[in-house]
Number of protein chains: 2
Amino acid sequence: MPRINFHLQLAELKDKLLAMAALSQQALEFSVEAYLERDMALCDHVLEIEEAINAAEKMVHEMAYELLAKEQPMAIDLRFILSVIKINGDLERIGDQAANIASSAQAMKNEPAIALPVEIEQMGESAGVMIRTAIQALLEADPRMAESVLSMDDAVDEANKTVQAALMETMQSQPDLSVQALTAILIGRNLERAADHATNIAEDVIFWLRGSDVRHKFSLAEAE
Amino acid sequence: MPRINFHLQLAELKDKLLAMAALSQQALEFSVEAYLERDMALCDHVLEIEEAINAAEKMVHEMAYELLAKEQPMAIDLRFILSVIKINGDLERIGDQAANIASSAQAMKNEPAIALPVEIEQMGESAGVMIRTAIQALLEADPRMAESVLSMDDAVDEANKTVQAALMETMQSQPDLSVQALTAILIGRNLERAADHATNIAEDVIFWLRGSDVRHKFSLAEAE
């Protein structure tokens, strides 16, 4: 019963990816908390989670490649495995963004705190919701849920512009706080990028389920 | 002769990817020149090239997916197509970085120029060499050439730190130039990221040719 075995392996691949997704989401949310609370122990924890994410990426890549090589899947199964390969890369990059934020928080340890725009915390929450929703859409094979993620990205981009403008003002009016303000700007960009990766994941879920690449609005239906 | 046809299609896929790579490399090099020379016409040209890159990405993705779906390739051919899918994504993101740089240059059009660290121009050149070398390694199927790209990345990261430190000083000593200094810092990060994408491409070339993922140092040889 090779096909039954194949579908068990696909389910296992999905489980591994979901476990990794939970780590990436956690790393990102913890990194923002660690930065805002100046919690150095939590920074260390984020960097540990990021190592676990890198190990998970390796395992998922290996398993996806072997399934492609040995099972030669067709249509929706092929699209699933290709999506897993791409989502795997995005989850790993979310881990990178979390690690960047944690490292920035560590670097600010001995600098006086500055007033931060509230949008930074909001961006962290929004990015977390986007990652969780994209992953839930993967779990439930729900393309509409994945679509809802795409509509959240603009708000994060807008919040990032607000963050950048507010901190530019801080830099100009209080040049002695430039280091902290620049760090906060870069963390805003890390969060914007994490939200972009969540968007990529949602697009891959849609590609898997519908066979069309939403990013570029062309149809692969003929490959069915 | 389906297999001969398949290999002709693989060659065509490679040609399309190489043409796209030439665009990405050009976009990045032009974007740095446009920023340093404050050349608005060149900024527009970079943004046009980026649109062409996005169209090329669409085409390459579609072709790679159809080859996977219809031909069910094995071993090195499978790895080649998977590498093409990943390289395609990295080339598109290099285009994004170039477009970001061009947009930043446009935004600075009416701001007084500031003294920029020489490392920005050097980073642009290094990123260009890395992209060109990674693509040449793809063209010549030369894993050693691809390896040489990996060793160039550290220098770009170092240059970026120098850029950031120098411009932090500008911000602190001349707060009225903060906008220009921040823009230059963000352009440094765009270039660092472009170099990262070149590194990813080199790693994918090595994966294609050797069947091992250099990023994570594990072997997929058993999948042969």
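What follows is a chat about the predicted model shown above.

Q: Before we start, what kind of model is this, and how are things numbered?
A: This is a predicted model, in which local features need pLDDT of at least 70 and side-chain atom pairs count only at pLDDT 80 or more, while totals for chains, interfaces and linings use all residues. Residues are numbered from 1 along each chain as its sequence is written, and chains are lettered from A and ligands numbered from 1 in the order in which they are written.

Q: OK, how many helices and strands does chain A have?
A: Chain A has seven helices and two strands, where helices (H or I, at least four residues) and strands (E, at least two) are DSSP runs numbered from the N terminus. Along the sequence the pattern of chain A reads α-α-α-α-α-α-α-β-β.

Q: And what does chain A span along its principal axes?
A: The C-alpha trace of chain A spans about 70 × 35 × 20 Å along those axes.

Q: How much of chain A is buried?
A: Of the 224 residues in chain A, 43% are buried; a residue is called buried if 20 or more other C-beta atoms lie within 10 Å of its own, exposed if 12 or fewer, and partly exposed in between, with C-beta atoms placed from the backbone.

Q: How many residues are in contact between the two chains?
A: In chain B, 25 residues are in contact with 25 residues of chain A. On the side of chain B that touches chain A, at least two residues each come from α2 (40-71), α3 (75-107), α6 (153-173) and α7 (178-210), and the largest share, seven residues, is supplied by α2(B).

Q: And by class, what are those residues of chain B?
A: That side of chain B has 15 nonpolar, five polar and five charged residues, where Ala, Val, Leu, Ile, Met, Phe, Trp, Tyr, Cys and Pro count as nonpolar, Asp, Glu, Lys and Arg as charged, and the others, Gly among them, as polar.

Q: Why do you say the copies meet through the same surface?
A: Because 100% of the interface residues of chain B are also interface residues in chain A, the copies meet through the same surface.

Q: Is Arg132(B) buried or partly exposed, and where is it?
A: Arg132(B) lies in helix α4 of chain B and, with 16 C-beta neighbours inside 10 Å, counts as partly exposed. Arg132(B) and Ala21(B) are 111 residues apart in sequence, yet their C-alpha atoms are 8.3 Å apart in space.

Notes
Contact = placed C-beta atoms within 7 Å.
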